[in-house]
Amino acid sequence: MHTYARRSLLSVIVTAVLITVNHLYPLGTRALGLGAVLVVAPTALLWWFRNTRSRVAFAGYLLMNLWIVVGFGLIKGLWKSTLPVFVGTLLASISTSFPRPTLGPVPFELSGILTFIGSLFVLYYGYRLVRANRDAAAGAEPEKPIARRPVLWAASALVAFAVIASAYAFTDQDRWIAPANGVVKIGVIVPASGPYAILGNSFLKAVEMARSDLRGTKYQYELVLVDIGLDLAQARTAIQRAITDENVDAIVGGISRFGQVTKPLATAARIPHTCVCSVTSIGDGAYTFTNIPSPDAEAVQWVQEAQRRGIRQIALLTQDYPSIHGHVTALKAELARVGLPTTYVKEFADSVTDFRSMIAQARASNPDVYFVEALSPQLELLGQQLFEAKIRNIASVVAPSVTQRPELFEGTWYTDSDLRDIGFKQRFEKQYPGTRFATHMMPYAYDDFNMIVRGENPAVYIRNIATYEGTAGTVTKAPGSGNFQSRPAVWVIQNAKPALLSQQ
Amino acid sequence: MNRRTHTPTILALLIAAVLAGAYVIVAQNNAAMGGAVETPAGLLH
């Protein structure tokens, strides 16, 4: 019996170590406490049993084994790691009705699988220990394990795995449950207050317009506005409440920092989530999909237009800000690829208000165009000082479309989202007078809503989309990808308003 | 040949194969789902 007691305890300790490693990811250092309990408690109970033959101690030890086998081995290790990694990935590659599993880092998933394997050893040696204890109590020699009917054992294991895998596949498949009252609720995740409020309000209006444009749909669609404010913790609570209390069936949202918060909540609820987000890692191809031109696409379009205009050298004056960083990095790479030099590169902090010296230095470098990108109020300050310096050859990405003073940028050309039908913008401005039409978000908000309502099962429908003709022109998506790719367009500020260059 | 003497070897090989397969699948999956998390783009989108 001593041999099986040692092996049983060894398998428990090794598995406890694997459980601890696995739980370091969700629990942090608190996982060490869990590991300590899983090592110390069984060791103490087995020591107590071997010294006193206490049935209580033996039962306690077996209960600890049961916890490790069922709680960690089967539920965590098998159901939440092993099956998603192998079966979930396989199913997602076969059919889009199965989501691509959301997997954690490699060490997390491998420790989960090893926890399952370790728990099988715990189960086996726990069983041998019980048998040996029973034989010892009866005064008999402990039975030595003999491999009887190995084919039968292997077949039984395969059948058991097939049954469990089938159960997993059944629960993994996305099924659309039609709402009893015929009303599908769609959460609109946008900030309705703070500095994002203008964008949030425009976004909501675009979604409302998309809903009012619907004709002859099977269901009615109710929009549930989720005001996420500015604080990410507050946003998480508001989104979770919309999912659990309001029972939203899908989510349309915008702005990457909130998309990152929404993504895991939508995945957990298994509802589709479209996001007008430039951070491509948010789109996972399972439940979350991003839809907006990438910085790379903006850069390619910008450089093509620069070449078309015969521009040979460029000065960059840009604000130190994450999204602007993304544009500038992509632009520099594309300029280097085609061999267009930059004569002056300056990144300024948001505390800068006097740009005169950097404008003078940029001018001295003799550029053909000044690439300018900043947020308000720096954008307007820089625009004013460029205007005073009589500099009119200005270009940008997106920024002029959101400036408070477009007259400062008269004649400026820039890349921004495409509009297949300029009538969409005119209709929007007529329907919602006074509401800003943010070109880089509104067409995508409109299209995202339509993507959700077109399919019987929205998540599966969006996964299946390869090409979509919407108000933002043609967007494409590679199989399995969570990012819709679209080609931006060139715009010009004309009469203090953005105008599509292609329609000049 | 004693079948039982090979059992640990077979088990070790099986576990190694499972882990190697899992490593490849998880790495590919995470790369396809966006890889490392980027900095949020913020105000613009």
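How far apart do the C-alpha centres of domain 1 of chain A and domain 3 of chain A lie? In this predicted model, the two centres are separated by 60 Å. The domain assignment divides chain A into domain 1 (2-172), domain 2 (183-293 + 422-464) and domain 3 (295-416).

The overall form of chain A may be considered next. Its secondary structure comprises 15 helices and 15 strands. The radius of gyration of chain A is 30 Å, well over the 23 Å that the globule rule gives for 504 residues, and the chain is therefore more spread out than a compact globule. Taken along the principal axes, the box filled by the C-alpha atoms of chain A is roughly 105 × 55 × 40 Å. Of the 504 residues in chain A, 43% are buried. Where contacts in chain A join residues at least 6 apart in sequence, 66% of them link residues at least 24 apart.

The interior follows. In soluble globular proteins, nonpolar side chains tend to be buried together. The largest nonpolar core in this model contains 96 residues, and those with the most contacts inside it are A:Val207, A:Ile239, A:Tyr370 and A:Ala445. Helix α14 (residues 442-454) of chain A supplies the largest share of this core, seven residues. Domain 2 and domain 3 of chain A each contribute at least three residues to this core. A second, separate core of 30 residues includes A:Ile19 and A:Leu114 together with B:Ala22 and B:Val26.

Individual residues show how such packing is arranged. Leaving aside residues up to four places away in sequence, A:Tyr370 touches A:Ala315, A:Leu317, A:Ala362, A:Leu386, A:Ile391, A:Asn393 and A:Ile394. A:Val207 is one of the buried residues of helix α6 of chain A, among which are also A:Leu199, A:Phe203 and A:Ala210. This helix (residues 197-212) has 16 residues and reaches 22 Å from its first C-alpha to its last, close to the 22 Å expected at 1.5 Å a residue. The buried residues of α6(A) pack against strands β1 (183-190), β2 (220-227) and β3 (250-254), and against helices α13 (422-431) and α14 of chain A.

Strand β1 of chain A holds A:Ile189. Why does A:Ile189 count as buried? The reason is that A:Ile189 has 29 C-beta neighbours inside 10 Å, whereas a residue is buried if 20 or more lie within that distance. With residues up to four places away in sequence left out, the contacts of A:Ile189 include A:Val226, A:Ile239, A:Ile251 and A:Phe258. A:Ile189 and A:Val224 are 35 residues apart in sequence, yet their C-alpha atoms are 8.6 Å apart in space.

Note on methods: Residues are numbered from 1 along each chain as its sequence is written. Chains are lettered from A and ligands numbered from 1 in the order in which they are written. This is a predicted model: local features need pLDDT of at least 70, side-chain atom pairs count only at pLDDT 80 or more; totals for chains, interfaces and linings use all residues. A nonpolar core is a set of buried Ala, Val, Leu, Ile, Met, Phe, Trp, Tyr and Cys residues joined through C-beta atoms within 7 Å. A residue is buried if 20 or more other C-beta atoms lie within 10 Å of its own, exposed if 12 or fewer, and partly exposed in between; C-beta atoms are placed from the backbone. Helices (H or I, at least four residues) and strands (E, at least two) are DSSP runs, numbered from the N terminus. Domain bounds come from an automatic or database domain assignment. Two residues are in contact if their C-beta atoms, placed from the backbone, lie within 7 Å. The expected span of a helix is 1.5 Å times one less than its number of residues. The radius of gyration is taken over C-alpha atoms; the globule rule is 2.2 Å times the number of residues to the power 0.38.
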